[in-house]
Amino acid sequence: MDGGQARGLGLRVGASGLNQRALRLVGGRIPALTGGWMPWLALSSYPIPGLPGPDWVRVRPLLAGICGSDTSLLTGRASPILSPFASFPAILGHEVVGVVEEAGSALEAWAGARVVVDPIISCFVRGLDPCPACRDGLPALCRHAADGSISPGMLIGYCRDLPGAWSEAMLAHASQLHRVPDSLSDEAAVLVEPLACSLHAVLAAPRLPGETVLVVGGGTIGLGVVLALRMVDPEADVTAVVRHPLQAALADRLGANRVVLDRGGDGPQRAALEVTGARAHRPIVGDDVLTGGFGLVFDGVGSRGSVDASLRVVAPRGRLVLLGTAGELEHLDLTLAWARELRVIGSYVYGREASLPGAPHTFDHLMDRLAQADAPRVADLVTHRFGLDEWRRAMGVATGRGRHASVKVVFDHATAYAGRD
(Lines give C-alpha, C1' and ligand atoms only; values in the text may rest on other atoms or scores of the structure.)
Protein backbone atom coordinates (compact mmCIF):
# COMPACT_ATOMS: atom_id res chain seq x y z
CA MET A 1 0.00 0.00 0.00
CA ASP A 2 1.34 3.38 -0.94
CA GLY A 3 -0.22 6.42 0.76
CA GLY A 4 -3.83 6.60 -0.34
CA GLN A 5 -3.48 3.84 -2.92
CA ALA A 6 -3.91 0.08 -2.81
CA ARG A 7 -3.37 -2.63 -5.40
CA GLY A 8 -6.03 -5.00 -6.62
CA LEU A 9 -6.50 -7.69 -9.27
CA GLY A 10 -9.66 -7.61 -11.30
CA LEU A 11 -11.51 -7.27 -14.56
CA ARG A 12 -10.42 -4.09 -16.26
CA VAL A 13 -13.35 -3.90 -18.70
CA GLY A 14 -17.04 -3.36 -18.22
CA ALA A 15 -19.54 -6.13 -18.83
CA SER A 16 -20.11 -4.88 -22.40
CA GLY A 17 -16.39 -5.30 -23.06
CA LEU A 18 -16.38 -8.99 -22.16
CA ASN A 19 -16.83 -10.97 -25.35
CA GLN A 20 -18.45 -14.14 -24.03
CA ARG A 21 -17.96 -16.05 -27.27
CA ALA A 22 -14.27 -15.20 -27.41
CA LEU A 23 -13.79 -16.11 -23.75
CA ARG A 24 -15.42 -19.48 -24.30
CA LEU A 25 -13.38 -20.18 -27.41
CA VAL A 26 -10.12 -19.40 -25.63
CA GLY A 27 -11.09 -20.95 -22.30
CA GLY A 28 -12.51 -24.11 -23.81
CA ARG A 29 -9.82 -24.86 -26.37
CA ILE A 30 -6.69 -23.37 -24.81
CA PRO A 31 -7.12 -23.59 -21.02
CA ALA A 32 -3.40 -23.23 -20.37
CA LEU A 33 -3.42 -19.95 -22.26
CA THR A 34 -6.24 -18.47 -20.20
CA GLY A 35 -4.39 -19.49 -17.05
CA GLY A 36 -1.33 -17.44 -17.94
CA TRP A 37 -2.59 -14.72 -20.25
CA MET A 38 -6.12 -13.41 -19.50
CA PRO A 39 -5.76 -9.94 -21.08
CA TRP A 40 -9.01 -8.83 -19.44
CA LEU A 41 -7.47 -9.33 -15.97
CA ALA A 42 -5.04 -6.76 -14.57
CA LEU A 43 -3.22 -5.80 -11.37
CA SER A 44 -3.65 -2.08 -10.87
CA SER A 45 -3.75 0.64 -8.21
CA TYR A 46 -6.93 2.22 -6.91
CA PRO A 47 -7.75 4.79 -4.22
CA ILE A 48 -8.22 3.24 -0.78
CA PRO A 49 -11.97 3.59 -0.24
CA GLY A 50 -13.23 5.64 2.68
CA LEU A 51 -15.75 4.18 5.10
CA PRO A 52 -19.30 4.80 3.82
CA GLY A 53 -20.67 5.11 7.35
CA PRO A 54 -20.19 4.34 11.06
CA ASP A 55 -21.20 0.69 10.60
CA TRP A 56 -18.47 -0.09 8.04
CA VAL A 57 -14.87 -1.26 8.35
CA ARG A 58 -11.81 -1.47 6.14
CA VAL A 59 -10.25 -4.93 6.02
CA ARG A 60 -6.69 -5.81 5.03
CA PRO A 61 -6.86 -9.29 3.44
CA LEU A 62 -4.37 -11.87 4.71
CA LEU A 63 -5.33 -14.79 2.48
CA ALA A 64 -7.81 -14.72 -0.41
CA GLY A 65 -8.95 -17.81 -2.30
CA ILE A 66 -9.48 -18.36 -6.01
CA CYS A 67 -12.95 -19.83 -6.43
CA GLY A 68 -14.28 -21.97 -9.25
CA SER A 69 -16.86 -19.28 -9.96
CA ASP A 70 -13.98 -16.82 -10.50
CA THR A 71 -12.23 -19.07 -13.00
CA SER A 72 -15.56 -19.81 -14.73
CA LEU A 73 -16.09 -16.09 -15.22
CA LEU A 74 -12.54 -15.53 -16.45
CA THR A 75 -12.65 -18.41 -18.93
CA GLY A 76 -16.13 -17.66 -20.26
CA ARG A 77 -17.84 -20.72 -18.80
CA ALA A 78 -20.19 -18.79 -16.51
CA SER A 79 -23.78 -18.38 -17.63
CA PRO A 80 -24.79 -14.77 -18.50
CA ILE A 81 -28.19 -15.21 -16.85
CA LEU A 82 -27.11 -13.43 -13.64
CA SER A 83 -25.32 -10.58 -15.44
CA PRO A 84 -27.99 -7.98 -14.46
CA PHE A 85 -26.82 -8.56 -10.87
CA ALA A 86 -23.12 -7.82 -11.41
CA SER A 87 -21.15 -4.71 -12.38
CA PHE A 88 -17.68 -4.33 -13.85
CA PRO A 89 -14.86 -3.35 -13.90
CA ALA A 90 -14.41 -4.88 -10.48
CA ILE A 91 -11.69 -6.23 -8.21
CA LEU A 92 -12.37 -9.92 -7.76
CA GLY A 93 -12.17 -12.21 -4.73
CA HIS A 94 -14.81 -13.25 -2.18
CA GLU A 95 -13.06 -15.93 -0.08
CA VAL A 96 -11.07 -14.05 2.54
CA VAL A 97 -9.61 -13.90 6.00
CA GLY A 98 -8.30 -10.50 7.00
CA VAL A 99 -7.70 -7.95 9.73
CA VAL A 100 -9.88 -4.92 10.45
CA GLU A 101 -7.54 -1.95 9.96
CA GLU A 102 -10.10 0.84 10.28
CA ALA A 103 -13.48 0.71 12.01
CA GLY A 104 -16.39 3.12 11.94
CA SER A 105 -17.56 4.74 15.14
CA ALA A 106 -20.25 2.10 15.68
CA LEU A 107 -17.75 -0.76 15.29
CA GLU A 108 -14.74 0.36 17.32
CA ALA A 109 -14.67 -3.00 19.14
CA TRP A 110 -13.82 -4.65 15.81
CA ALA A 111 -10.59 -2.70 15.27
CA GLY A 112 -7.69 -5.15 14.93
CA ALA A 113 -9.97 -8.18 14.84
CA ARG A 114 -9.26 -11.11 12.53
CA VAL A 115 -12.38 -11.75 10.48
CA VAL A 116 -13.89 -13.66 7.63
CA VAL A 117 -16.25 -11.62 5.49
CA ASP A 118 -19.63 -12.82 4.25
CA PRO A 119 -19.39 -11.42 0.71
CA ILE A 120 -23.14 -11.35 0.02
CA ILE A 121 -24.40 -7.81 -0.63
CA SER A 122 -27.69 -7.73 1.25
CA CYS A 123 -30.34 -5.09 1.74
CA PHE A 124 -28.54 -4.19 4.99
CA VAL A 125 -25.31 -3.54 3.09
CA ARG A 126 -27.21 -1.41 0.57
CA GLY A 127 -28.93 0.58 3.30
CA LEU A 128 -32.38 -0.56 2.18
CA ASP A 129 -35.35 -1.88 4.11
CA PRO A 130 -34.81 -5.64 4.20
CA CYS A 131 -36.61 -7.80 1.68
CA PRO A 132 -38.17 -11.05 2.98
CA ALA A 133 -35.04 -13.10 2.22
CA CYS A 134 -32.69 -10.69 3.98
CA ARG A 135 -35.06 -10.42 6.92
CA ASP A 136 -35.02 -14.23 7.20
CA GLY A 137 -31.22 -14.34 7.19
CA LEU A 138 -30.85 -15.62 3.62
CA PRO A 139 -29.40 -12.60 1.80
CA ALA A 140 -28.13 -14.73 -1.09
CA LEU A 141 -31.76 -14.68 -2.26
CA CYS A 142 -32.02 -10.88 -1.92
CA ARG A 143 -34.54 -9.20 -4.21
CA HIS A 144 -32.56 -5.96 -4.41
CA ALA A 145 -29.19 -7.03 -5.82
CA ALA A 146 -29.46 -4.32 -8.48
CA ASP A 147 -31.06 -1.58 -6.36
CA GLY A 148 -29.93 1.31 -4.19
CA SER A 149 -26.87 3.54 -4.32
CA ILE A 150 -24.43 0.61 -4.60
CA SER A 151 -23.88 -0.74 -8.11
CA PRO A 152 -25.47 -4.09 -9.02
CA GLY A 153 -23.82 -7.10 -7.44
CA MET A 154 -24.87 -10.20 -5.55
CA LEU A 155 -21.56 -10.40 -3.73
CA ILE A 156 -18.27 -8.62 -3.22
CA GLY A 157 -15.92 -9.23 -6.12
CA TYR A 158 -18.71 -8.86 -8.67
CA CYS A 159 -19.60 -5.26 -7.79
CA ARG A 160 -17.59 -2.28 -9.06
CA ASP A 161 -18.25 -0.23 -5.90
CA LEU A 162 -16.93 -2.77 -3.37
CA PRO A 163 -13.38 -4.06 -3.98
CA GLY A 164 -12.95 -7.79 -3.57
CA ALA A 165 -10.32 -9.72 -1.63
CA TRP A 166 -7.73 -9.97 -4.42
CA SER A 167 -6.52 -6.64 -3.13
CA GLU A 168 -4.75 -4.83 -0.31
CA ALA A 169 -7.86 -3.13 1.10
CA MET A 170 -11.57 -3.89 1.02
CA LEU A 171 -14.72 -2.61 2.72
CA ALA A 172 -17.20 -4.63 4.75
CA HIS A 173 -20.48 -3.79 6.47
CA ALA A 174 -21.20 -4.79 10.06
CA SER A 175 -23.64 -7.45 8.85
CA GLN A 176 -20.83 -9.16 6.90
CA LEU A 177 -18.29 -9.58 9.70
CA HIS A 178 -17.55 -12.85 11.47
CA ARG A 179 -14.82 -13.01 14.09
CA VAL A 180 -12.31 -15.85 13.68
CA PRO A 181 -11.53 -17.94 16.80
CA ASP A 182 -7.92 -17.59 17.96
CA SER A 183 -7.35 -21.33 17.57
CA LEU A 184 -8.27 -21.30 13.87
CA SER A 185 -5.39 -20.80 11.45
CA ASP A 186 -5.51 -18.34 8.57
CA GLU A 187 -5.43 -21.31 6.19
CA ALA A 188 -8.54 -22.81 7.79
CA ALA A 189 -10.26 -19.44 8.00
CA VAL A 190 -9.87 -18.65 4.29
CA LEU A 191 -11.72 -21.91 3.58
CA VAL A 192 -14.74 -20.93 5.68
CA GLU A 193 -16.59 -19.35 2.75
CA PRO A 194 -16.41 -22.32 0.34
CA LEU A 195 -16.82 -24.93 3.09
CA ALA A 196 -19.90 -23.06 4.33
CA CYS A 197 -21.42 -23.55 0.86
CA SER A 198 -20.99 -27.29 1.33
CA LEU A 199 -22.37 -27.29 4.87
CA HIS A 200 -25.41 -25.25 3.79
CA ALA A 201 -26.19 -27.84 1.09
CA VAL A 202 -25.88 -30.77 3.49
CA LEU A 203 -28.17 -29.08 6.02
CA ALA A 204 -30.72 -28.37 3.28
CA ALA A 205 -30.89 -32.04 2.21
CA PRO A 206 -30.56 -34.27 5.28
CA ARG A 207 -30.04 -37.94 4.61
CA LEU A 208 -33.10 -40.14 5.02
CA PRO A 209 -32.89 -43.44 6.95
CA GLY A 210 -31.19 -46.13 4.90
CA GLU A 211 -29.97 -43.80 2.16
CA THR A 212 -26.46 -44.12 0.80
CA VAL A 213 -24.78 -40.88 -0.27
CA LEU A 214 -22.60 -40.08 -3.28
CA VAL A 215 -20.43 -36.95 -3.55
CA VAL A 216 -19.26 -36.12 -7.07
CA GLY A 217 -16.19 -33.87 -7.18
CA GLY A 218 -12.90 -33.58 -5.32
CA GLY A 219 -12.46 -29.82 -5.34
CA THR A 220 -13.00 -27.66 -2.28
CA ILE A 221 -16.80 -27.89 -2.58
CA GLY A 222 -16.95 -31.66 -2.98
CA LEU A 223 -14.44 -32.25 -0.20
CA GLY A 224 -16.41 -29.79 1.90
CA VAL A 225 -19.54 -31.90 1.42
CA VAL A 226 -17.68 -34.96 2.71
CA LEU A 227 -16.56 -32.94 5.74
CA ALA A 228 -20.05 -31.55 6.35
CA LEU A 229 -21.68 -34.97 6.11
CA ARG A 230 -19.32 -36.26 8.79
CA MET A 231 -20.09 -33.24 11.00
CA VAL A 232 -23.87 -33.41 10.58
CA ASP A 233 -24.47 -37.13 10.12
CA PRO A 234 -21.58 -39.26 11.44
CA GLU A 235 -23.37 -42.51 10.57
CA ALA A 236 -23.85 -41.66 6.89
CA ASP A 237 -22.41 -44.05 4.31
CA VAL A 238 -20.50 -41.68 2.01
CA THR A 239 -18.84 -42.49 -1.31
CA ALA A 240 -16.75 -39.79 -2.99
CA VAL A 241 -15.86 -39.72 -6.69
CA VAL A 242 -12.74 -37.66 -7.45
CA ARG A 243 -10.32 -37.25 -10.34
CA HIS A 244 -6.87 -36.94 -8.81
CA PRO A 245 -4.84 -38.89 -6.21
CA LEU A 246 -4.42 -35.90 -3.86
CA GLN A 247 -8.19 -35.39 -3.87
CA ALA A 248 -8.64 -39.07 -3.04
CA ALA A 249 -6.28 -38.82 -0.08
CA LEU A 250 -8.05 -35.73 1.23
CA ALA A 251 -11.53 -37.25 0.81
CA ASP A 252 -10.40 -40.29 2.77
CA ARG A 253 -8.90 -38.09 5.49
CA LEU A 254 -12.10 -36.00 5.76
CA GLY A 255 -14.24 -39.05 6.35
CA ALA A 256 -15.45 -40.71 3.14
CA ASN A 257 -16.23 -44.40 3.65
CA ARG A 258 -14.80 -45.12 0.22
CA VAL A 259 -13.26 -43.14 -2.62
CA VAL A 260 -13.58 -43.93 -6.31
CA LEU A 261 -10.99 -42.48 -8.68
CA ASP A 262 -12.76 -41.31 -11.82
CA ARG A 263 -11.46 -42.52 -15.19
CA GLY A 264 -12.85 -40.41 -18.01
CA GLY A 265 -16.24 -39.83 -16.38
CA ASP A 266 -17.02 -43.40 -15.34
CA GLY A 267 -16.63 -42.81 -11.59
CA PRO A 268 -20.28 -42.26 -10.59
CA GLN A 269 -21.48 -45.33 -12.52
CA ARG A 270 -18.73 -47.55 -11.11
CA ALA A 271 -19.58 -46.31 -7.63
CA ALA A 272 -23.29 -47.07 -8.10
CA LEU A 273 -22.62 -50.57 -9.43
CA GLU A 274 -20.16 -51.42 -6.66
CA VAL A 275 -21.87 -49.78 -3.67
CA THR A 276 -25.62 -49.92 -4.31
CA GLY A 277 -25.94 -53.04 -6.46
CA ALA A 278 -27.38 -51.02 -9.34
CA ARG A 279 -27.56 -52.70 -12.76
CA ALA A 280 -26.45 -51.17 -16.06
CA HIS A 281 -28.53 -51.29 -19.26
CA ARG A 282 -27.37 -50.23 -22.73
CA PRO A 283 -29.67 -47.89 -24.72
CA ILE A 284 -29.66 -47.85 -28.52
CA VAL A 285 -27.33 -44.84 -28.36
CA GLY A 286 -25.50 -43.13 -25.54
CA ASP A 287 -24.17 -44.14 -22.15
CA ASP A 288 -25.54 -46.84 -19.88
CA VAL A 289 -28.77 -46.34 -17.94
CA LEU A 290 -28.94 -47.78 -14.43
CA THR A 291 -31.69 -49.32 -12.38
CA GLY A 292 -31.04 -48.58 -8.71
CA GLY A 293 -28.51 -46.11 -7.42
CA PHE A 294 -27.87 -43.67 -4.58
CA GLY A 295 -30.71 -42.08 -2.65
CA LEU A 296 -28.83 -38.81 -2.25
CA VAL A 297 -26.23 -37.38 -4.65
CA PHE A 298 -24.31 -34.12 -4.27
CA ASP A 299 -22.79 -32.70 -7.47
CA GLY A 300 -19.96 -30.36 -6.51
CA VAL A 301 -18.63 -29.89 -10.04
CA GLY A 302 -21.45 -28.45 -12.13
CA SER A 303 -20.15 -29.47 -15.56
CA ARG A 304 -22.24 -31.04 -18.27
CA GLY A 305 -20.46 -34.35 -17.74
CA SER A 306 -20.82 -34.39 -13.96
CA VAL A 307 -24.50 -33.46 -13.94
CA ASP A 308 -25.26 -36.05 -16.62
CA ALA A 309 -23.39 -38.74 -14.70
CA SER A 310 -25.05 -37.69 -11.43
CA LEU A 311 -28.56 -37.86 -12.90
CA ARG A 312 -27.86 -41.41 -14.10
CA VAL A 313 -26.93 -42.75 -10.64
CA VAL A 314 -29.77 -41.31 -8.52
CA ALA A 315 -32.23 -43.98 -7.42
CA PRO A 316 -35.93 -43.52 -8.26
CA ARG A 317 -37.42 -40.72 -6.17
CA GLY A 318 -33.95 -39.90 -4.93
CA ARG A 319 -32.45 -36.43 -4.62
CA LEU A 320 -29.75 -34.66 -6.60
CA VAL A 321 -28.28 -31.55 -4.96
CA LEU A 322 -26.59 -29.12 -7.34
CA LEU A 323 -24.02 -26.89 -5.65
CA GLY A 324 -21.29 -26.76 -8.30
CA THR A 325 -22.62 -23.57 -10.00
CA ALA A 326 -23.95 -25.51 -12.99
CA GLY A 327 -24.86 -23.13 -15.82
CA GLU A 328 -25.56 -23.65 -19.50
CA LEU A 329 -25.12 -27.39 -20.09
CA GLU A 330 -25.39 -28.30 -23.77
CA HIS A 331 -27.22 -31.48 -24.77
CA LEU A 332 -28.04 -32.45 -21.20
CA ASP A 333 -30.71 -35.17 -21.24
CA LEU A 334 -33.23 -34.60 -18.43
CA THR A 335 -35.35 -37.67 -19.18
CA LEU A 336 -34.36 -39.43 -15.98
CA ALA A 337 -35.38 -36.43 -13.87
CA TRP A 338 -39.04 -37.05 -14.70
CA ALA A 339 -38.96 -40.75 -15.56
CA ARG A 340 -37.50 -41.54 -12.12
CA GLU A 341 -39.38 -38.75 -10.29
CA LEU A 342 -36.13 -37.29 -9.02
CA ARG A 343 -35.94 -34.26 -6.73
CA VAL A 344 -33.35 -31.82 -8.09
CA ILE A 345 -32.35 -29.34 -5.37
CA GLY A 346 -30.35 -26.18 -5.95
CA SER A 347 -28.10 -24.90 -3.17
CA TYR A 348 -26.44 -21.49 -3.14
CA VAL A 349 -23.94 -20.29 -0.56
CA TYR A 350 -25.02 -19.88 3.09
CA GLY A 351 -26.98 -17.88 5.64
CA ARG A 352 -28.97 -18.38 8.82
CA GLU A 353 -29.38 -22.13 9.39
CA ALA A 354 -32.88 -22.60 10.79
CA SER A 355 -32.34 -26.35 11.26
CA LEU A 356 -29.58 -25.77 13.85
CA PRO A 357 -30.17 -24.76 17.50
CA GLY A 358 -30.26 -20.97 17.72
CA ALA A 359 -30.28 -20.62 13.91
CA PRO A 360 -26.63 -19.51 13.64
CA HIS A 361 -25.01 -18.22 10.48
CA THR A 362 -23.30 -21.02 8.56
CA PHE A 363 -19.92 -19.29 9.01
CA ASP A 364 -20.18 -19.15 12.79
CA HIS A 365 -21.35 -22.73 13.21
CA LEU A 366 -18.63 -23.99 10.89
CA MET A 367 -15.87 -22.04 12.67
CA ASP A 368 -17.05 -23.32 16.04
CA ARG A 369 -16.79 -26.88 14.77
CA LEU A 370 -13.42 -26.37 13.05
CA ALA A 371 -12.00 -24.78 16.20
CA GLN A 372 -12.62 -27.95 18.23
CA ALA A 373 -9.57 -29.99 19.14
CA ASP A 374 -10.75 -33.10 17.28
CA ALA A 375 -11.73 -31.28 14.07
CA PRO A 376 -10.22 -32.48 10.77
CA ARG A 377 -7.26 -30.50 9.49
CA VAL A 378 -8.94 -28.59 6.66
CA ALA A 379 -5.93 -26.28 6.21
CA ASP A 380 -4.38 -29.05 4.09
CA LEU A 381 -6.82 -28.13 1.32
CA VAL A 382 -4.76 -24.97 0.74
CA THR A 383 -2.15 -26.40 -1.61
CA HIS A 384 -0.65 -23.30 -3.28
CA ARG A 385 0.06 -19.68 -2.31
CA PHE A 386 1.03 -16.76 -4.51
CA GLY A 387 1.61 -13.05 -4.16
CA LEU A 388 -0.59 -10.72 -6.19
CA ASP A 389 2.35 -10.05 -8.52
CA GLU A 390 2.32 -13.76 -9.41
CA TRP A 391 -1.31 -13.77 -10.50
CA ARG A 392 -0.63 -15.27 -13.94
CA ARG A 393 1.02 -18.29 -12.38
CA ALA A 394 -1.71 -18.52 -9.75
CA MET A 395 -4.41 -18.67 -12.43
CA GLY A 396 -2.51 -21.34 -14.32
CA VAL A 397 -2.33 -23.51 -11.21
CA ALA A 398 -5.98 -22.85 -10.29
CA THR A 399 -7.18 -23.88 -13.75
CA GLY A 400 -4.83 -26.88 -14.01
CA ARG A 401 -5.60 -29.00 -10.97
CA GLY A 402 -4.43 -32.27 -12.49
CA ARG A 403 -1.11 -30.91 -13.70
CA HIS A 404 -0.32 -29.08 -10.47
CA ALA A 405 -2.08 -31.26 -7.85
CA SER A 406 -3.94 -28.18 -6.63
CA VAL A 407 -7.09 -27.91 -4.54
CA LYS A 408 -7.36 -24.41 -3.07
CA VAL A 409 -5.06 -21.77 -4.50
CA VAL A 410 -4.80 -18.54 -2.49
CA PHE A 411 -3.26 -15.13 -2.74
CA ASP A 412 -1.04 -14.59 0.28
CA HIS A 413 -1.00 -10.87 1.07
CA ALA A 414 1.27 -11.29 4.09
CA THR A 415 4.33 -12.30 2.11
CA ALA A 416 5.81 -11.83 -1.32
CA TYR A 417 7.50 -15.22 -1.61
CA ALA A 418 7.10 -17.18 -4.82
CA GLY A 419 4.24 -19.63 -5.19
CA ARG A 420 4.97 -23.32 -4.83
CA ASP A 421 3.91 -26.12 -7.18
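Here is a short chat about a few local features of this predicted model.

User: Why is Ile 81 called exposed?

Analyst: Exposed means over 50% relative accessible area. Ile 81 has 65%, so it counts as exposed. You'll find Ile 81 in the loop between helix 3 and strand 4.

User: What makes a nonpolar surface patch with Ile 81?

Analyst: Ile 81 teams up with Leu 82 and Phe 85, and the patch they make covers about 300 Å². A patch takes residues with over 30% relative accessible area, and Ile 81, at 65%, therefore passes that cut-off.

User: What makes the phi of Glu 341 worth a remark?

Analyst: Most residues other than glycine have a negative phi. Glu 341 isn't a glycine, yet its phi is positive, near 50 degrees. Ala 405 also has a positive phi near 50 degrees.

User: How do you know that the peptide bond between Phe 88 and Pro 89 is cis?

Analyst: Check omega: for the bond joining Phe 88 and Pro 89 it is about 5 degrees, and the bond is cis. Most peptide bonds are trans. Pro 89 lies in the loop between helix 3 (68-74) and strand 4.

User: How do you know that strand 1 and strand 2 pair?

Analyst: Pairing takes at least two bridges. Strand 1 (residues 5-11) and strand 2 have 7, so they pair, and they do it in the antiparallel sense. As one spot to look at, Ala 6 stands opposite Tyr 46 in strand 2.

User: Which sheet is that, and what makes a strand an edge strand there?

Analyst: It's an open sheet of 3 strands in the order 2-1-4, with antiparallel pairing. Strand 2 (41-47) and strand 4 (90-91) are the edge strands, as each pairs on one side only.

User: What lines the second largest pocket?

Analyst: That pocket holds about 300 Å³ of space. Its lining has 16 residues, and the closest to the centre are Asp 118, Gly 137, Pro 139, Ser 175 and His 361. Helix 5 (132-135) and strand 8 (177-179) are the elements that give two or more residues to the lining.

Note on methods:
Residues are numbered from 1 along each chain as its sequence is written. This is a predicted model: local features need pLDDT of at least 70, side-chain atom pairs count only at pLDDT 80 or more; totals for chains, interfaces and linings use all residues. Side-chain values use heavy atoms; hydrogens and water are left out. Helices (H or I, at least four residues) and strands (E, at least two) are DSSP runs, numbered from the N terminus. Patches are made of residues with over 30% relative accessible area and no salt bridge: like charges are joined within 9 Å, nonpolar side chains (Val, Leu, Ile, Met, Phe, Trp, Tyr) within 5 Å. Accessible areas come from the Shrake-Rupley method with a 1.4 Å probe; for residues, only the protein chains shown count as cover. A salt bridge is a side-chain nitrogen of Lys or Arg within 4 Å of a carboxyl oxygen of Asp or Glu. Buried means under 20% relative accessible area, exposed over 50%, partly exposed in between (1.4 Å probe, protein chains only). On a 1 Å grid over the protein atoms alone, a cavity is a set of points where a 1.4 Å probe fits but cannot get out, and a pocket is an open set with protein on both sides within 12 Å along at least five of seven lines; lining residues have an atom within 4 Å of a point. Grid points are joined across faces, edges and corners, and a volume is the space filled by probe spheres set on the points.
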